[in-house]
Every structure is written in C-alpha cells, then in structure tokens.
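This report covers the domains, a sheet, a helix pair and the record annotations of one model. The structure is shown first, and the description follows.

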Amino acid sequence: MQSIIQVNNLSKTYPSGFQALQNIQLDIRRGEIFALLGPNGAGKTTLISIICGIVNPGEGTVLVDGLDIVQQYRKARQRIGLVPQELSVSIFETVWDTVSFSRGLFGKPADPAYLQQLLRDLSLWDKKDSKIMTLSGGMKRRVLIAKALAHQPQILFLDEPTAGVDVELRRDMWQMIRRLRDSGVTIILTTHYIEEAEDMADRIGVIRAGKLILVDDKTSLMQKLGKKQLLLQLTTPLQQIPVALAGYQLQLSADNNQLIYTFDAQQEQATITSLLRQLNTQGIEFSDLHTRESSLEDIFISLMGDAA
Amino acid sequence: MNFYAIKAIYLFELARTWRTLMQSIASPVLSTSLYFIVFGSAIGSRMVAIDGISYGAFIVPGLIMLTVLTESTSNASFGIYMPKFSGTIYEILSAPVSAVEIILGYVGAAASKAILLGLIILFTAQFFVDFSIMHPLWMLTFLVLTAISFSLFGFIIGVLANSFEQLQIVPLMVITPLTFLGGSFYSISMLPPLWQQITLFNPVVYLISGFRWSFYGVADVNVGLSLAMILLFMASCIAVICWIFHTGYKVKV
C-alpha cells in the first residue's frame, strides 16, 4: 500500500542559521495514528509546518497522497487538516462562522449538514452562535479541531493537541481521534506526553535535534527497547546475593528486602523458572512477587540519553 | 482558481466591517459631515467660487478622496495584519490558495468597503451642498481605481508592519497630510508659484485633480496624467506584492 505521506531527505535551515531538520526520511501509512515524539525545539513543529505549507521546505521533497507539496500544493493541501499548537482563532467570530470560513478557504462548497454533524461530534453544537472569546480553552481547542476537519481532510495533523487540556477532556479527545482513525483519517500527532503516544499511536517516531532517530511500531518498539523486571519481596533480608545466583545479575534493593531481576522482554522466559528453582534450592523465601514493564517514557528517556 | 476561498476571505472581511459598524462606517460619515458643515456651509458661504464652482461643491471630491484613501489603506492593512498578529494566518498559509486569491479576498474587501464609503459620503454631501457630476462613469472609474490601488498599498503595509503603531503611522502621518496638501480644500493655482511646482511631487494631487475633473470638468493637472499616475501607483504596489509573495518576506520563512 502506498504511503499517504512520503518525506524524502528533508532538511530545513532557518534564515538565522538554525538547522531545524536534517535529512528527514519518513513514510506515514494510510489510516494510521503516528506519534512524533521529541523534546521542545527538536523540530516537530517545523516538520509539520513544512508538510502543511506554513514553512518553506529547504532541501528534499514531500509527497502527500503522491502529490508534491510545492508543485501540486492545491491538491496536496486539500487533503490535509491542521490543528496548531497555539489557540490561534479569530475571537470575535462565532463558532459557526469560523468553521464555515475554514471550509470555504479550503475550496469546498458550503455543506451545513456536514458542519452540523461535525459540531455535534465535538460537543460544540449548542455553542455554534457563541463568539469564540466566550469559550473555555478546551472548547477553543475543539473549535480548532472543527476548523481543521471542516473540509473533510484525509490527513489530520495535531500539534500538541492536549497541551493544557484537563484529564477528562484529554480522554474525550483521544476517543475522538480514535473515531476519526476508524473513519479512515490518517492522524499525525506531536506530543511530549509520552503516555499519550503509548495509549494512542500505532507507530512512533522520535525526533531529536532535527534528526529522526527512530521510527517503529509502538509494540515492537516497546518489545525491542522495553525491559521487564521481576521483583521479589524477601521474607528475611539478604546481606548479599549468593554466589550461586551470580549468573542472573540480580540487584538487591537498598533496604536488602527486595531482589530485582531485570530481563529482556523478547527473551524466552524460561530463565525465570530456573531462577525461582535456584532461589528454592538456596532456601531464599519470598512473600510476594510482581513484574513490571518499562513504559514508553523510560524508553524515550533512555533514547534521549543515548543520543546525547 | 479557488473561488470558495476568495469568497470566504471576502465575506470574513466584510463581516468585520459589520461587527464594527460604528467605527467602520458611521465615524467617517460623521467626520465628513462635520467638514461639510464647517468648510462647506459655514466658511464656504463666505468664500469666492473657485473655477466657477462654489467652495462647498469644490471640496466634495477632495473629501471623498480623503476618506477613500485613508479607509482603503487602513482597512487593507488591518485585514492582513490581524491574522499575523493573532496567529490565525497559519490557516491562510496552509490552505490551498494562491497569492492572487489571497489578494483578491483581502484587497477586494477593503476596496469594496472604501468604495461603499465614498458613495455614502457622496450621498451625504447632497444634504449640505449643491453639486452635479459631469462624468459619472469617469467618477466611478477614478473611485474604483483609487480604492483598489490604496487597498493594495495598505496590504503591503499590513504585511510589513511589526506593530499596531507601525500600522497606524502611514495612514496618519503620510496619507492624511498628503491628502490635505494635495488640493482637497484648494486649487493648486491658489498656491505661490514655487509651491505649485513642489506640490506636483505629491501623488495625491493627481488623484484629487482627476476625481474633481469627473465632477466639474476642471482640473489642476491633465486628466490623462492623473489616470496614468493612478495606474502607475497600482502597478508599483502589485510589483511589491509579487515580490513579497515570491520571497515570502515577512510572511513565510
């Protein structure tokens, strides 16, 4: 299946001399949710802005649905909706007017029935005649989403969609994004809430200092880079780890009450059985045991550390 | 051509006019009425006729031009500066619209509003002074060309401005003085000879002279020259705008 977005060797240096992007190579698959992770200033917004036409590309090309974003910008941009990071919306206008404006701007004839449904889906219908300045921050964010979807794009970019949004609203927004994905819209979001990417994304790209350092399926990323730990709560504290257990590279907690066994998530788990058998032979008893997996956050932090 | 986009921008800009009806339409009409009362009726009745035209009637074209020039400049500049200032320009930049469509939307709306205002003032003037229009079609031509030219000029100011102060400074400090000194309230022939020469460097002289000719058939400078000057000014503005969009200067990096 053809990628819906193909970024080839994209580089961007701002007039100030700051190189925001270096040789970005990225394919976005049709219908996926792709999360672009990275610290502030890594180049996430620059990448999105270039694809959407707000920033001129430096070197390299970007194809949207096979259309060059410079040569065939009209057709390419009609396929894209963008929800910007800032709450930039004309505050003196009503919700209905601003959404209708967006639809027209993107070259679509008026379709009140569609806009009505869109506003209902975003719980904005009862606010349609309100001026935007009277809305709360969360509502303004939804107005921006409505504007981005007003022309029925195939691709939706969400730049930090849940920044400054409360937990409940964030859940609502995630649900809405999933519904959109189910309806066939490809979604690219940037975030530095890693839980958001972990919860939502099919694939994850990590960008750091203008370089895309990793792109992978979320599950395989977590498997490859994720660590699992087995924690054993000892009935009697150990002073040191018995020599017989040296092969397992165990760690003893600071209070000597807990044995920690770190293992690779991909590895066969037979080693756990043998470890437990060894503990039994050594007469080490434990009152409780549990395992924990590293989160995407741990992976992300270790990636950032490695690259530094 | 993305006609829906032109329409969207055009209507958005006109809606802004309706939202600020008092400021947009009522205040220029009021201030022009005051000019007519003071200069036209009160002082004008004691003035001698200029070129055979009563003073009240003589200032009608100049007053209309004064409003059309300042309003088209400030409207167009404000129209494009606001999205830059509020950040909503992201939407225009990411939309499938060309520079031509953006200009048709913004400049079209600013010019429409200025033309409408000009006509309203023309209509208002009838209540204060007696006048007739000798060449109505030429009058409209001058009005439309001037409104479009100065809306283009305003668009450039709006793109280049970095603050509200810079936005205001050209209409206030440049356009208004040039219009006052451009023969709104007097004929150039009333000036001392040296100033008659200097004043020819003021582009507004040509606009007002041409416009007044369409009313009364008398002009300070040749009508053809007036028309040529407007077209030259318009062409210069279009050239600057082309350059702005070509380089992305101040809009897009």
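## Domains of chain A

Taken over C-alpha atoms, the centres of domain 1 of chain A and domain 2 of chain A are separated by 42 Å. The model is a predicted one. Domain 1 of chain A covers residues 5-222, and domain 2 of chain A covers residues 226-307. In the contact between these domains, domain 1 of chain A takes part with 11 residues and domain 2 of chain A with 9 residues.

On the side of domain 1 of chain A that touches domain 2 of chain A, at least two residues each come from helix H7 (194-200), strand S9 (203-208), strand S10 (211-217) and helix H8 (218-225) of chain A. H7(A) gives the most to this side, with 3 residues. By class, the side of domain 1 of chain A that touches domain 2 of chain A consists of 9 nonpolar and 2 charged residues, with no polar residues.

## An open sheet in chain A

Chain A has an open sheet of 4 strands in the order S2-S1-S4-S5, with antiparallel pairing. Strand S2 (19-28) and strand S5 (67-68) of chain A each have a single partner strand, so each stands at an edge with one side left without a neighbour in the sheet.

Strands of a sheet pair through backbone hydrogen bonds, and the pairing is either parallel or antiparallel. Strand S1 (residues 5-13) of chain A and strand S4 (residues 59-64) of chain A run antiparallel and are joined by 5 bridges. On S4(A), A:Leu63 is the bridge partner of A:Gln6.

## A helix pair in chain B

Two packed helices are described by the angle between their axes and the distance between those axes. For helix H3 (residues 55-86) of chain B and helix H6 (residues 136-160) of chain B, the angle is about 35° and the axes are 7 Å apart. The crossing of H3(B) with H6(B) is right-handed. Residues of the contact between H3(B) and H6(B) comprise 14 nonpolar and 10 polar, with no charged residues.

## Annotated spans of chain B

An unreviewed UniProt entry lists "transmembrane region" for residues 20-43, 55-82, 102-125, 137-161, 167-188, 200-219 and 225-245 of chain B.

In the model, the span 20-43 of chain B is 96% helix and 0% strand, and its end C-alpha atoms lie 33 Å apart. Residues 225-245 of chain B are 100% helix and 0% strand, with the end C-alpha atoms 30 Å apart.

Technical notes. Residues are numbered from 1 along each chain as its sequence is written. Chains are lettered from A and ligands numbered from 1 in the order in which they are written. This is a predicted model: local features need pLDDT of at least 70, side-chain atom pairs count only at pLDDT 80 or more; totals for chains, interfaces and linings use all residues. Domain bounds come from an automatic or database domain assignment. Two residues are in contact if their C-beta atoms, placed from the backbone, lie within 7 Å. Ala, Val, Leu, Ile, Met, Phe, Trp, Tyr, Cys and Pro count as nonpolar, Asp, Glu, Lys and Arg as charged, and the others, Gly among them, as polar. Axes are lines fitted to C-alpha atoms, for helices over the stretch in contact, and angles run from 0 to 180 degrees between N-to-C directions. A crossing is left-handed if the near helix is turned anticlockwise from the far one by less than a right angle, and right-handed if clockwise. UniProt positions are given in the numbering used here, feature names are shortened, and annotations may be inferred rather than shown by experiment. Two strands pair if DSSP finds at least two bridges between them.
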